[in-house]
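The following questions and answers examine a structure through its geometry.

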Amino acid sequence: MGELSATWYLLLSAAVFSIGAVGLLVRRNPLIMFMCVELMLNAVNLAFVGMAFGLNDIGGQVAVFFVMVVAAAEVVVGLAIVVAIMRRREGTTADDLSVLRG
Amino acid sequence: MTDLVYFVPLLPLLGFATLLVVGSRLGEPAAGWLATLAIGGSFLAAVGTWIGLVNRDEDDRVVEKIVFEWVPAGRFSVDVGFLVDPLSVAMILFVTGLGTLIHLYSIGYMHGDENYAKYFVYLNLFAFSMLMLVLGNNLLITFLGWEGVGLCSYFLISFWFTDEKNASAGKKAFVTNRVGDWGFMVAMFLTFATIGSISYVDIAGTAGQLSTKVATGIALLLFIGAMGKSAQFPLYLWLPDAMAGPTPVSALIHAATMVTAGVYLLTRVNAVLYEASGWATNLIAWVGVGTALFAATIAVAQNDIKKVLAYSTVSQLGYMILAVGVGAYVAAIFHMITHAFFKALLFLGSGSVIHGMDNDQDMRRYGGLKAFMPITAATFIVAWLAIAGVPPFAGFWSKDEILLSAWDTGGLNGRLLWLVGLITALLTAFYMSRQVFMTFFGRYRYADPDEDEVTAAWSGLVGASTESLELATTTVAAATAEVEAADSPEEKAAASVNLDNAIAAESEARSRVETAREAQRTRPIPESGEPNDAGVAVDFLPETVLARAEHHPHESPWQMTMPLVVLAGFSVVAGLLNLPFTKGLHFLEQWLEPALAHEHVITTGAATKWLLALIAIAAGAVGIAVAFRTYIQRRLDADKFERPVLAQAWYYDRTVSDFMGGPGRRLFDAITWFDANVIDGAVNAAGSAASRGGNFVRRAQSGFVRSYALGMSLGSVALLVWFVLRISS
């Protein structure tokens, strides 16, 4: 098994994605949750790159660029929101922010 | 020249708008003159339009003038436009002409009314609506005018609305007309659904392709509309009550113009009537002639001068509907025009009488008025001769035309229609003669006491003598006491003399009471036509009698008599429009020909025509003669004709009211309940179901971001599992 097949990349991607997902569900700090989302996004990126490598198709790597751009934009907006909330209510957890409940 | 048609409705509309804004500032009589000027200008424009149409080629006398496209909606399109053709021009000529005269008359009649300007606002609005009704080039514009005249009719019937009676008469007219309007509307829908257009030109052009069933349906529905507006049985109920309005309004709206709208409408769609089943048009004819007879019998027993004319109008409208039913549209329009002249004249004449008699409308108190109101009397007599069918006055020619057309439909049916029409003519002559004789001839009766007033006088006399007897009795008692209390013989003697005098006075008073009672019991019942005599009780008559004795009837001012004279002129000569003798004299028929494709053609021979005319003249003469013997010579007892059942209009009105107030009311209550609970219930249930469902689903929105994330995760996993299972299977 000296050769590095796409399968390994996918397994790693699945592992990172699961860590991100579970982290999102179990942590209450908005900043940590935010980082978990980033983990999940990058796991998907890894899967894209791995598949591009396995299938020898450049399309997967192109998709990654798009994901990275969107993720960067998302970080800007998301972090801004998190910072704004933290300024107002120090030490807030995600569960405290439930004013939009029906 | 036909472009002048735009000014015909425009001028009354401008008059209405101006008066609405500045009317009350203009006041009396400027507001009245402005309104008269507006409708007068409209009349001139109508004459111009007529000349324009005359100058056109005979085959080219149907002109459509589109103002703008009003409702463009897919296949459905309605224009605001005018149809200028011989029929509509004939209508606008007499509507504006008559309207001008009645506006002028109103200036005098409404003198001193506190809502003087408002009256003319309504009157101009009415003129505008009526002109839209007859000029509209499609059913919808006509319907707009139809509703407009109905609204103005309501306003003007309840013009003196502070009296509860007038206000409810207006409501009655409005509500009754709704029934007819329903027919009109459904007919309009049906026309669009089958023909695909509601313009008159299209209807006339494509009516031939309608199936008989549809044509019958449209014809009958429009007839229901006509029943309401033209006051036919069973919807005539509102017209007699409509007399609560000012008399010029009765003349203009409820005799000459608005009530003929139904006849006009049926004439306008003669192509549809032609395609309808025979039984439908026959039904129209029978409803018309039945109403004519029914209303004529009621008119015989009315004592209110305007009620007689109201029932007479219902009856004459019945004639026109009869003419429409037998396909004699020219005769219908002819009678509409002549009737407009003489019936407006009758109403205006009665208005002049009422004006001169202190607003008393009871004909039993009139009599001998020709000496006081010579112009009113002379013109009224002309109108009477016209409506009674005396040649050569206008009414004779048009009524005879209708009777002839009825006869000419042939068979037993035609003969029966003719016979009922003839009996109605006889009754018409009778009740109109009765009215004229009671009002203008005989003894002046206004100062005569009523039956009730005489009774009151007698009880007054008996009461007064009883009172003086009581006084005498107390005097006796006082004198007796004085005798007993006397001390000396001289005083006693003097007191005894007093006592004797008092006793004598008491017995005298007692005998006076007995005489009064006896006289009250045996007072003479006057011969028919003789005045009630109060006899020795004359000093006890109520003050109203004295007030009436003080009253002096007077002729009306020139604004009122001038229209009377003009209308009297028309009532004499309007027959010239369509003399029956030769084809060349059928001016109206030739004129209307382009608009009436399906006119019934008379086939009866000349000899029969003459015979029928002579019989009609004889019927009129009999009616007048019987009335003369009854009301002038007093050889016949008037009570024989004035039956209570007739005075109560065959109890039809009361039956309808009782039904509507009783079972009808409960039915409507039930419908209201159904609407409030079932219909509204279903709507409300749909609303509250959505609301409750939303409340339930709302709980899922907890506001916890992580539970949303969990949901998304589980959902994704579920989707994934589903895909994988699908691929592997």
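This is a predicted model: local features need pLDDT of at least 70, side-chain atom pairs count only at pLDDT 80 or more; totals for chains, interfaces and linings use all residues.

Q: At roughly what angle do the axes of helix 19 and helix 20 of chain B cross?
A: Helix 19 of chain B covers residues 451-485 and helix 20 of chain B covers residues 489-521; helices (H or I, at least four residues) and strands (E, at least two) are DSSP runs, numbered from the N terminus. Axes are lines fitted to C-alpha atoms, for helices over the stretch in contact, with angles from 0 to 180 degrees between N-to-C directions. The two axes come within 8 Å, and they cross at roughly 160°.

Q: Which orientation, roughly parallel or roughly antiparallel, does that give helix 19 of chain B relative to helix 20 of chain B?
A: Angles under 35 degrees count as roughly parallel, over 145 as roughly antiparallel, 65 to 115 as roughly perpendicular, and the rest as oblique. The crossing angle of helix 19 and helix 20 of chain B, roughly 160°, therefore makes the pair roughly antiparallel.

Q: Is the crossing of helix 19 and helix 20 of chain B left-handed or right-handed?
A: A crossing is left-handed if the near helix is turned anticlockwise from the far one by less than a right angle, and right-handed if clockwise. Helix 19 of chain B passes helix 20 of chain B in a crossing that is left-handed.

Q: What handedness has the crossing of helix 10 and helix 15 of chain B?
A: Helix 10 (residues 247-256) and helix 15 (residues 329-356) of chain B pack with axes 8 Å apart, at an angle of about 160°. That angle makes helix 10 of chain B roughly antiparallel to helix 15 of chain B. Their crossing is right-handed.

Q: Which residues of helix 10 and helix 15 of chain B make the contact?
A: Two residues are in contact if their C-beta atoms, placed from the backbone, lie within 7 Å. Helix 15 of chain B contributes B:Ala340, B:Lys343, B:Ala344, B:Phe347, B:Leu348, B:Ser350, B:Gly351 and B:Ile354. Helix 10 of chain B contributes B:Thr247, B:Pro248, B:Ser250, B:Ala251, B:Leu252, B:Ala255 and B:Ala256.

Q: How many residues of helix 3 of chain B are buried?
A: A residue is buried if 20 or more other C-beta atoms lie within 10 Å of its own, exposed if 12 or fewer, and partly exposed in between, with C-beta atoms placed from the backbone. Helix 3 of chain B is largely enclosed by the rest of the structure, because its buried residues number 23 of the 24.

Q: Is B:Asp500 buried or exposed?
A: B:Asp500 lies in helix 20 of chain B. Its C-alpha atom is separated by 88 Å from that of B:Gly325, 175 residues apart along the chain. Because B:Asp500 has 11 C-beta neighbours inside 10 Å, it counts as exposed.

Q: What is the radius of gyration of chain B?
A: Chain B holds 28 helices and two strands. The radius of gyration is taken over C-alpha atoms, and the globule rule is 2.2 Å times the number of residues to the power 0.38. For 729 residues the rule gives 27 Å, so chain B is more spread out than a compact globule, at 35 Å.

Q: What radius of gyration does chain A have?
A: Chain A comprises three helices and zero strands, and 13% of its 102 residues count as buried. A compact globule of 102 residues would have a value near 13 Å, but chain A has 17 Å.

Q: Which residue is joined to B:Pro29 by a cis peptide bond?
A: Most peptide bonds are trans. B:Pro29 is placed in the loop between helix 1 (7-26) and helix 2 (30-54) of chain B. With omega near -5°, the cis bond to B:Pro29 comes from B:Glu28.

Terms used: Residues are numbered from 1 along each chain as its sequence is written. Chains are lettered from A and ligands numbered from 1 in the order in which they are written.
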